[in-house]
Structure formats: C-alpha cells, structure tokens
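User: I am new to this structure. Please take me on a close look at one helix and the parts around it.

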Amino acid sequence: MIHANVRFDQTTALRILENFLKRIEDRNADIIISAEGIIVGWNPMAEEIFGYSASEALGAPLDRLILPERYRAAHQAGLKRQREQEGVGIGMILCRRLRVPGLHKDGYEVMVEIWVVSLIGTATNPLRFAA
C-alpha cells in the first residue's frame, strides 16, 4: 500500500472536498468531523444506522454521540495526535478498513465498518476527517 501526503491550495482542497461530498452514496453512511471531533457532515444512511437526524448530529461531538464510552479516550487521543502532526501522519486507524462498534441513539451497539481518511486543510479550511 502506498500512502502519499499531499498539500493543496485552498481552491483545490475545496474542490476535492466538494467532489467527495458529491460522491456520497445513499448506501454508505458518511460522516465528516472537524479536527476537534465535531460532526460537520452526516448523510441519510448515517441517520438510519445511528438513529440521529442530521439536525441532531451536526455540531455534536462524534465521541459523545456514536462512540461507546470505552473508546472515547482513545478517539480523543488520536485526534490530538493528528492535530499535532497537522494531519500528515498515518495514524492507527487512518487509511485502514476496520469493524468497530458504534452506538445507536437508543443505546444499543451496532457493528460498523469504517475507513477513515484525513482531509488536509488550510487556515481557512481546516483539517477534517471523513469516514
């Protein structure tokens, strides 16, 4: 597997993000979070899997909304590492397909498959992660 760390100017980064969002398919739950872990993108399949509407999810911390409590500290530590590396490092879960438990709004766990990518940003379009 080859990993490349590429930086883009703001216009190119925005175009890449827009193209990514356009390709979101209804059969995939796609969630985008800020570098601080705040949900900034939430599609209809994420609503179906986790039980939260987009209006409930957007702006909420991902870890408190859909992560079982036992994974929250590790999630925060991973986000911190990526912020410190400005998103250029390959973390423990970046670019790897994993099956992990998520937390439904009703309190039960659901197994989900994730593939996390880092969307490297600029000062005006900051680092984000998509899964």
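Analyst: Start with a term: a contact means heavy atoms within 4.5 Å. By that rule, and not counting residues up to four places away in sequence, isoleucine 66 touches Ile31, Trp42, Phe50, Tyr52, Gly102 and Leu103.

A word on the source. This is a predicted model, in which local features need pLDDT of at least 70 and side-chain atom pairs count only at pLDDT 80 or more, while totals for chains, interfaces and linings use all residues. Residues are numbered from 1 along each chain as its sequence is written, and side-chain values use heavy atoms, with hydrogens and water left out.

The protein has five helices and six strands. Helices (H or I, at least four residues) and strands (E, at least two) are DSSP runs, numbered from the N terminus. Their order from that end is α-β-β-α-α-α-α-β-β-β-β. Of the 131 residues, 37% count as buried. Buried means under 20% relative accessible area, exposed means over 50%, and partly exposed lies in between (1.4 Å probe, protein chains only). Among contacts with a separation of 6 or more, 43% join residues 24 or more positions apart.

The helix to look at is H4, residues 62-66. Isoleucine 66 belongs to the largest nonpolar core, which has 17 residues. Such a core is a set of buried Ala, Val, Leu, Ile, Met, Phe, Trp, Tyr and Cys residues joined through side-chain atoms within 4.5 Å. Ile31, Ile39, Trp42, Phe50, Leu65 and Ile66 touch the most other members. At least two core residues come from each of strand E1 (31-34), strand E2 (39-42), helix H2 (44-50), H4 and strand E4 (109-115). In soluble globular proteins, nonpolar side chains tend to be buried together.

Aspartate 63 is buried and has no salt bridge. A salt bridge needs a side-chain nitrogen of Lys or Arg within 4 Å of a carboxyl oxygen of Asp or Glu. For aspartate 63, the nearest side chain of opposite charge is arginine 64, 4.7 Å away. Here Lys and Arg count as positive and Asp and Glu as negative; His and the chain ends are not counted. Aspartate 63 does have a polar partner: its side chain meets that of glutamine 76 in a polar contact of 2.8 Å. That term covers a pair of N or O atoms within 3.5 Å; within protein, one must be able to donate a hydrogen and the other to accept it, and residues adjacent in sequence count only if both atoms are side-chain atoms. Beyond its neighbours within four places in sequence, aspartate 63 is in contact with Arg72, His75 and Gln76.

Step into the loop between H4 and H5, where leucine 67 lies. Leucine 67 is buried, at 16% relative accessible area. Neighbours within four places aside, leucine 67 is in contact with Leu62, Arg72, His75 and Leu103. Its C-alpha atom is separated by 8.8 Å from that of histidine 104, 37 residues apart along the chain.

The salt bridge count comes to two. One joins arginine 70 and glutamate 109 at 2.7 Å, N to O. Arginine 70 is in the loop between H4 and helix H5 (72-84) and glutamate 109 is in strand E4, so the pair ties together parts 39 residues apart in sequence. Arginine 70 is exposed at 54%, whereas glutamate 109 is partly exposed at 39%.
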